[in-house]
There are 2 protein chains.
Amino acid sequence: MRNFIFSIPTTAYFGKGQIKVLGQTIKAEGGSKVLLTYGGGSIKQNGIYDTILEQLNTAGLAYVELSGIQPNPRIESVEQGIKLYRDNNCDFILAVGGGSTLDACKAIAAGVMYAGPVNDLFVDASGLSSRIIAAAPLATILTMAGTGSELDMGAVITVGEDHKKKVLLHPLVNPRFSILDPEYTYTVPEHHTMAGVADILCHLMEQYFTPDVAAKVQDRMNEGVMKVVLEEAPKLLANPQDYDARANIMWASSMALAGFQFLLGKPGFAFPLHGMGHELSSQYDMTHGVTLALLTPAWMRYTMQAAPQHLPVFARFARNVMEIREEDDAKAAEAGIKALEAFYATIKMPLNLREAGVKQEDLDGMAAKAVENGKLGCLALLGKDEALQIMRMAF
Amino acid sequence: MRNFIFSIPTTAYFGKGQIKVLGQTIKAEGGSKVLLTYGGGSIKQNGIYDTILEQLNTAGLAYVELSGIQPNPRIESVEQGIKLYRDNNCDFILAVGGGSTLDACKAIAAGVMYAGPVNDLFVDASGLSSRIIAAAPLATILTMAGTGSELDMGAVITVGEDHKKKVLLHPLVNPRFSILDPEYTYTVPEHHTMAGVADILCHLMEQYFTPDVAAKVQDRMNEGVMKVVLEEAPKLLANPQDYDARANIMWASSMALAGFQFLLGKPGFAFPLHGMGHELSSQYDMTHGVTLALLTPAWMRYTMQAAPQHLPVFARFARNVMEIREEDDAKAAEAGIKALEAFYATIKMPLNLREAGVKQEDLDGMAAKAVENGKLGCLALLGKDEALQIMRMAF
């Protein structure tokens with residue numbers, strides 16, 4: 001096990017009705033004028049919006065609103081938020097929504113404290129967004145489980161005409177607190193609920209499939225969360241208002257990325273599936289979680305062949321997570337992948353890129369863009385040719 | 001799943017040589033004059049003491065020392081520390097040692113900010129130490145894995161001529177940061193290493209064996225850590241300088257109680273095994289972890305009989321943690337207990353109370369004292385008769 005620093009600065013208020021602490025907790029964190037952001041306005045239909053205003057008003061907090069933050073949030077939304085925050089002398093940001101709104105607000109939080117362009121604030125050669133030296137305080141109210149943004153230090157922002165996804169990563173943008181009410185996810189459509197499930201599972205796998213350095217506590221805890229995701233997702237398909245299933249999926253989302261706790265002490269902060277998946281989202285505006293489900297089995301098979309020394313990690317996944325009883329590592333690993341494919345089919349993910357509407361002639365360009373900032377991965381390093389091979393296997 | 005608040009305010013610096021951050025981090029936390037506490041002085045033999053002084057001196061930090069904090073720390077040591085802190089105008093506490101030193105320092109941290117007697121600061125009817133409204137900043141350097149004090153909000157202090165163990169519990173006494181260097185535990189004698197293992201396992205079980213409310217993420221993560229403890233402890237018996245095994249046991253210790261994360265959303269903050277075990281420690285000055293290993297199998301068997309509606313939780317433990325393949329819940333649970341007993345034998349815990357030197361005529365008095373502040377447990381409520389029955393079963 002390698003050295004690491006463990007820190008989860010976010011407090012989570014988890015469960016039914018926890019929004020009751022919103023006003024007082026913003027005040028306790030020093031907020032007086034809030035930039036309130038949300039997405040398409042569904043929170044006005046389900047009553048969350050009214051409850052938030054009641055909380056802010058009762059606590060004597062002023063606010064300005066930024067609505068309409070889109071999925072795969074763009075840097076222009078971030079810039080708009082920064083201007084609004086500054087023009088109105090805000091001192092706190094409240095993000096209400098799924099990962100897109102939360103991510104945009106993390107970039108706003110860092111951006112309002114930085115004199116230069118937002119574009120400076122993405123991950124640089126240090127592995128972090130090292131130009132961030134301060135951030136406005138941020139709280140979140142989660143309405144869709146999946147991205148883990150509610151308890152982590154990351155954000156993904158879309159930039160430029162070619163929809164490039166850029167990553168912002170810094171402990172200062174961790175939310176001060178997040179309100180996680182599983183009931184707020186009851187109305188998330190099935191497709192987006194299951195894409196969230198695929199996203200959570202991929203966050204866990206991206207931290208699991210790294211060189212084995214005997215970080216057993218981290219890996220075993222990770223296995224436990226993966227098993228919960230596999231067990232609970234079908235319950236949500238059967239009954240979207242199963243509170244305990246919603247609660248476990250939501251908490252799995254948060255635990256998956258809280259302090260990147262399952263990667264601590266391990267080499268390889270690489271997330272190659274996210275690297276490739278972002279290109280599918282950019283090109284086709286495809287839901288993030290779906291892109292990950294599409295690529296994962298192919299990536300696993302490719303990696304086992306290209307880097308057979310890491311086969312035991314895939315066999316361990318098969319045995320400990322997918323309950324495969326098979327002595328031979330290669331056979332166990334392949335059976336594990338088949339079981340994972342069966343799970344993706346259960347949660348109604350498309351079977352392959354073709355079925356998802358991807359055009360074969362686009363693969364080459366996407367593979368090139370996926371690696372334009374450097375090779376991906378930590379088990380097998382993926383350049384353009386390797387990324388293309390994986391996309392072809394997933395086609 | 002019930003509602004909960006998740007918060008882990010402690011930052012952990014984990015790994016070889018992490019003491020290098022000590023001086024600068026105390027300064028960053030606002031410390032200038034440090035109350036440095038430790039136990040019997042082993043840190044002077046293994047070089048840790050010299051490294052600490054070098055760190056403090058290089059950072060320009062003044063310090064006063066309180067040494068000689070004993071296992072099962074007494075309230076008199078706490079009072080001595082409070083006086084020393086106040087007399088020397090300290091503004092920071094650094095605890096170096098195992099759970100005893102850390103626990104004493106948590107009580108000192110709360111005590112220096114409280115005008116009345118320390119005795120006021122133990123858990124009251126609120127379930128917390130509600131009189132604590134401030135605490136001095138505390139950092140820890142762990143030299144023995146087990147109690148989890150390095151990342152939690154609890155402390156156990158021995159009070160009075162009858163050695164009563166009293167619990168202090170408040171988020172304000174969480175360490176600001178803890179330095180966790182597995183190499184510092186290389187020289188811990190086998191018996192104490194294994195008692196620490198039994199303590200960690202019991203912390204995990206006390207959070208696992210509660211009414212089932214479908215808090216699956218918490219339970220599955222807990223199962224993962226339990227499995228690591230079972231797998232790694234025998235490696236330490238074979239080779240006390242197995243770094244990865246030391247690291248995993250140490251991180252398991254910290255994760256087990258960090259924010260009581262495996263109990264969040266579950267009913268039953270009860271810790272009945274600790275309640276009974278503390279009486280064995282008081283009466284015989286027996287190592288804490290040993291008392292827990294002695295009582296756990298008997299408590300499990302008693303509870304399964306007295307509260308058969310909770311049998312599935314014990315069967316789940318047997319299957320998911322002890323790898324028992326058995327369909328019938330009662331048979332699985334009993335096989336799980338037998339496997340646990342075999343593990344305790346492997347790590348050289350005494351087989352029963354008699355072998356551990358307990359006298360039969362003392363059982364009645366210990367059972368009475370164990371419940372004098374109220375019944376214990378959350379699956380089956382234990383009064384004096386029930387505690388006595390469990391102790392007899394463990395005899």
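Colleague: What makes β1(B) and β8(B) a pair, and in which sense do they run?

Modeller: In this predicted model, β1(B) and β8(B) are joined by 4 bridges in the parallel sense. Two strands count as paired if DSSP finds at least two bridges between them, so the 4 bridges of β1(B) and β8(B) meet the criterion. One of the contacts can be named: B:A12 has B:S178 in β8(B) as its bridge partner.

Colleague: How do you know that β1(A) and β1(B) pair, and in which sense?

Modeller: The strands β1(A) and β1(B) share 7 bridges in the antiparallel sense. Since a pair requires at least two bridges, the two strands are therefore paired. Within this pairing, A:F4 stands opposite B:F14 in β1(B).

Colleague: What is the order of the strands in the sheet, and why is one side of each β3 left without a neighbour?

Modeller: The sheet is open and has 12 strands, in the order β3(A)-β2(A)-β4(A)-β5(A)-β8(A)-β1(A)-β1(B)-β8(B)-β5(B)-β4(B)-β2(B)-β3(B), with mixed pairing. Each β3 (62-66), in chain A and in chain B, stands at an edge with a single partner strand, so one of its sides has no neighbour in the sheet. From one strand to the next, the twist averages 25 degrees.

Colleague: Which elements of chain A does helix α3 (residues 48-58) of chain A touch as it packs on the sheet?

Modeller: Helix α3 of chain A touches β2 (33-38), β3, β4 (92-97) and β5 (138-142) of chain A, and its direction makes about 175 degrees with that of β2(A). Helix α8 (residues 243-257) of chain B lies across strands of both chains: β1 (4-14) of chain A, together with β1 (4-14), β5 and β8 (177-180) of chain B. The angle of α8 to β1(B) is about 150 degrees.

Colleague: Why is β4(B) called largely enclosed?

Modeller: A residue is buried if its relative accessible area is under 20%. In β4(B), 6 of the 6 residues are buried, so the strand is largely enclosed by the rest of the structure. Both faces are covered, with B:F92, B:L94 and B:V96 buried on one side and B:I93, B:A95 and B:G97 buried on the other. In a regular strand, side chains alternate between the two faces of the sheet. As for its partners, β4(B) pairs in the parallel sense with strand β2 (residues 33-38) of chain B over 5 bridges, and B:V34 stands opposite B:F92. Strand β5 (residues 138-142) of chain B also pairs with β4(B) in the parallel sense, over 5 bridges; B:L94 has B:A139 as its bridge partner there, and B:V96 has B:I141.

Colleague: How do you know that the span of helix α7 (residues 216-238) of chain A agrees with its number of residues?

Modeller: At 1.5 Å a residue, the 23 residues of α7 in chain A should span 33 Å, and the end C-alpha atoms are 34 Å apart, which agrees. As to burial, 18 of the 23 residues of α7(A) are buried, and the helix is mostly covered.

Colleague: What rotation superposes chain A on chain B?

Modeller: A rotation of 180 degrees, with 0.0 Å of shift along its axis, superposes chain A on chain B with an RMSD of 0.0 Å. The two copies are thus related as by a two-fold rotation axis. In chain A, the residue that comes closest to this axis is A:M221, at 2.2 Å (C-alpha).

Methods: Residues numbered from 1 in each chain as written. Chains lettered and ligands numbered in written order. Predicted model: local features only at pLDDT ≥ 70, side-chain atom pairs only at ≥ 80, totals over all residues. Heavy atoms only, no water. Axes fitted to C-alpha atoms, helices over the stretch in contact; angles between N-to-C directions. Contact = heavy atoms within 4.5 Å. Expected span 1.5 Å × (residues − 1). Buried < 20%, exposed > 50% of the residue type's maximum accessible area, 1.4 Å probe, protein only. Least-squares fit on C-alpha atoms with pLDDT ≥ 70 in both.
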